[in-house]
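Please consult the sequence and the structure while reading.

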Amino acid sequence: MIRRLKTGAPSEARAEADRKVRETVEQTLQAIETRGDEAVRELSEKFDRWSPTTFRLSQAEIERAISELTAQELDDIRFAQAQIRRFAEAQLASMQDVEVETRPGVVLGHKHIPVNSVGCYVPGGAYPMVASAHMSVLTAKVAGVKRVIAAAPPYQGKPHPAIVAAMHLAGADEILVLGGVQAVGAMAIGTESIEPVDMLVGPGNAFVAEAKRQLFGRVGIDLFAGPTETLVIADETVDGLLCATDLLGQAEHGPTSPAALLTNSEALAKATLTAIDDLLAKLPTAEIARQAWNDYGEVIVCDSHEEMLQVADEMAYEHVQVMTEDPNLYLDRLTNYGALFLGPRTNVAYGDKVIGTNHTLPTRKAARYTGGLWVGKFLKTCTYQKVLTDEASAEIGSYCSRLCALEGFAGHGEQANERVRRYGKRDVPYASAVPV
């Protein structure tokens, strides 16, 4: 039996918030569509108080930003990028081109072709999300993308040096100091000064996520990665302090970030609630984390691991931290999640920042049908076919002709019939099916 000791905001409130975001984004994208750079500049000034002569950083500006970092900070960025590159290269190596002769003289295959241009959004308004530059820019470059634009908002009135350094070291071809909907809109739609891209990637707030949703189709996107979500699945093998730390560690992302505890121990649930109150009294980011916890936090008590597995799959959260006596049970049986963090020795922050897996992950139950950003997202798997012999063309043509007639497609059928006439030396009446 499922018992909820704490629930989040009512679904009606969330629906109304979603409606307002949707309308705002629609109006913003329309302004960029019709007025280009002028609208982008107005929006940047309005939301970020930022309107330089150009949003694109020069090489000198990039070098100046990098020079503001200490040697240790640069080493830490390079260490994180090395982990992410190693895992992305391993993923790329697992993706093989295919070519197979399915029948004598009939060759089918596929190739993995990188997208030509990608716009990478790096959040940086409330927090400078340095790691998002690694996750998007670096992974795109490992995949072989030729042109990568990276955009991040100004931080406290100027480009954030660590974000700029991370973008540059990851291989960005262009760096824009531009935030929010105006950034993703400009990269997707294009303006007088910004050439449009073929694909948008990267996490962001509710407005950025909605902009990507509305732009999908015009450009490709990685996935719907909105406000971060964290689910902690725990039993009595861990304590309330560890659970509370992992919940609040992600709730600080923003005031609409859901964080939930799923446990089969009511004692642990109550201990976690107590520990959350204690931590909120001293956490430097408590103002944001408290709002997220009050409005979107949940504590759910189940009777068994079986019940927790069922609930976790229904929730389909972005991050799932498993701290139970047998974490591999959840690795073997969970099907809906963005990323798993197994055992008390790991945590979501490791994945967010440095361990090597990608932190751009599906939210709002998108984990039911997609995984997170990875090197394969930047590759198009494109098929090809070759028919090498007259006999093979005539054989396939005969079947194709009859199947086209079954569907009533005479023109399609003639494409097959003409090959049967030429390569099979058979007299097939025009727009008729090839007889058996």
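In this predicted model, helix α11 (residues 305-315) has 8 of its 11 residues buried, so the helix is largely enclosed by the rest of the structure. A residue counts as buried when its relative accessible area is under 20%. The buried residues of α11 are His-305, Glu-307, Met-308, Leu-309, Val-311, Ala-312, Asp-313 and Met-315. An α-helix has 3.6 residues a turn, so residues three or four places apart point the same way. The partners against which the buried residues of α11 pack are the strands β9, β10 (259-263) and β11 (297-301), together with helix α12. After α11 comes Ala-316, which has a positive phi, near 50°.

Strand β12 (residues 319-323) is also largely enclosed by the rest of the structure, because 5 of its 5 residues are buried. In a regular strand the side chains alternate between the two faces of the sheet. In β12, His-319, Gln-321 and Met-323 point one way, while Val-320 and Val-322 point the other way; all are buried.

| Strand paired with β12 | Direction | Bridges | A bridge pair |
|---|---|---|---|
| β13 (residues 339-342) | parallel | 4 bridges | Leu-340 of β13 and Val-320 of β12 |

What do β12, helix α12 and β13 make? Together, β12, helix α12 (residues 327-333) and β13 form a right-handed β-α-β unit. Helix α12 is also one of the elements against which the buried residues of α11 pack.

Methods: Residues numbered from 1 in each chain as written. Predicted model: local features only at pLDDT ≥ 70, side-chain atom pairs only at ≥ 80, totals over all residues. Heavy atoms only, no water. Buried < 20%, exposed > 50% of the residue type's maximum accessible area, 1.4 Å probe, protein only. Helix = DSSP H or I, 4+ residues; strand = E, 2+ residues; numbered from the N terminus. Pairing = 2+ DSSP bridges. Right-handed = clockwise from strand over helix to strand, strands pointing away. Contact = heavy atoms within 4.5 Å.
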